[in-house]
Amino acid sequence: MQYRRAFVAGGTYFFTVNLLERDKSLLTDHIDLLKTAFRRVKSTHPFDIDAIVVLPDHLHVIWTLPENDFDFATRWRLIKSHFSRGLPSTERINNSRKQKSERGIWQRRYWEHLIRDELDYERHVDYIHYNPVKHGYVDKAFDWPYSSIHRFIEKGIISSDWGVGESIMLTSLRIR
């Protein structure tokens, strides 16, 4: 079976992007570099970040692309390359990557999902914000510093005790 990407101009997408070596913590160790990579790409290839969480070895994000644009692939390529170029070359690089002059920072692929409707959107935002709790980094989603949950709280969309003692509707999502 061949995987097909859904390219929709102006679409809203959920992404999961992973480091190649999942035992590393490069994303949080170098959070300023990652933020700079996002800012640089957004300045030349605009998109809105609706929700995001950055964990040590992977990140989840929801983007909305401009009305006549569906090119998320270029944006990810640029973000990954900006971030990688800012790091010293200390990672292991296998022969396949050496032959292609690639670094060994990121998994080559990423997972994307076209958001279908408002309920789908809400469930993915919840998944993003609850992810640090799911992985055991914090007890309360609010305590994770690298999350858009703080923006949602500031805007009054959710309370600072969101997710504490309640059942978050994450079970229907099949996210890697």
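Analyst: Two residues are in contact when heavy atoms of theirs lie within 4.5 Å. The model here is predicted, so local features need pLDDT of at least 70 and side-chain atom pairs count only at pLDDT 80 or more, while totals for chains, interfaces and linings use all residues. Residues are numbered from 1 along each chain as its sequence is written, and side-chain values use heavy atoms, with hydrogens and water left out.

User: Which elements make up the secondary structure of the protein chain, and in what order do they run from the N terminus?

Analyst: Helices (H or I, at least four residues) and strands (E, at least two) are DSSP runs, numbered from the N terminus. The protein chain has six helices and four strands, in the order β-α-α-β-β-α-α-β-α-α. Among its contacts with a separation of 6 or more, 68% link residues 24 or more positions apart.

User: How many of the residues count as buried?

Analyst: Buried means under 20% relative accessible area, exposed over 50%, and partly exposed in between (1.4 Å probe, protein chains only). Of the 176 residues in the protein chain, 44% are buried.

User: Which residues have the most contacts inside the largest nonpolar core?

Analyst: A nonpolar core is a set of buried Ala, Val, Leu, Ile, Met, Phe, Trp, Tyr and Cys residues joined through side-chain atoms within 4.5 Å. The largest one holds 27 residues, and F15, L34, F38, L59, W63 and W76 have the most contacts inside it. Two or more residues come from each of β1 (12–18), α2 (31–44), β2 (48–54), β3 (58–64) and α3 (72–85). Another core lies apart from it, with 18 residues that include F14, A51, W144 and I158. As for W76, its contacts beyond four places in sequence are F15, V17, F38, L59, V61, W63 and Y110.

User: How do α2 and α3 pack?

Analyst: Two packed helices are described by the angle between their axes and the distance between the axes. Axes are lines fitted to C-alpha atoms over the stretch in contact, and angles run from 0 to 180 degrees between N-to-C directions. For α2 and α3 the angle is about 140° and the axes are 8 Å apart. This makes α2 oblique to α3, where under 35 degrees is roughly parallel, over 145 roughly antiparallel, 65 to 115 roughly perpendicular and the rest oblique.

User: Which residues of α2 meet which residues of α3?

Analyst: From α2 come L33, L34, A37, F38, R40 and V41; from α3 come R75, W76, L78, I79, H82 and F83. By class, this contact has nine nonpolar, one polar and two charged residues. Ala, Val, Leu, Ile, Met, Phe, Trp, Tyr, Cys and Pro count as nonpolar, Asp, Glu, Lys and Arg as charged, and the others, Gly among them, as polar.

User: Where is P56, and which residues does P56 touch?

Analyst: P56 sits in the loop between β2 and β3, and its relative accessible area of 11% makes it buried. Beyond four places in sequence, P56 contacts L19, K24, S25, L26, L27, T28, Y137 and W144. The C-alpha atoms of P56 and T28 are 4.9 Å apart, although 28 residues separate them along the chain.

User: Is T28 buried or exposed?

Analyst: T28 is buried, because its relative accessibility is 13%. T28 belongs to helix α1 (residues 26–29), and its contacts beyond four places in sequence are V54, L55, P56, W144 and Y146.

User: What does D57 touch?

Analyst: D57 is also in the loop between β2 and β3, and is buried at 9% relative accessible area. Beyond four places in sequence, D57 touches N18, L19, R22, K24, L27 and Y137.
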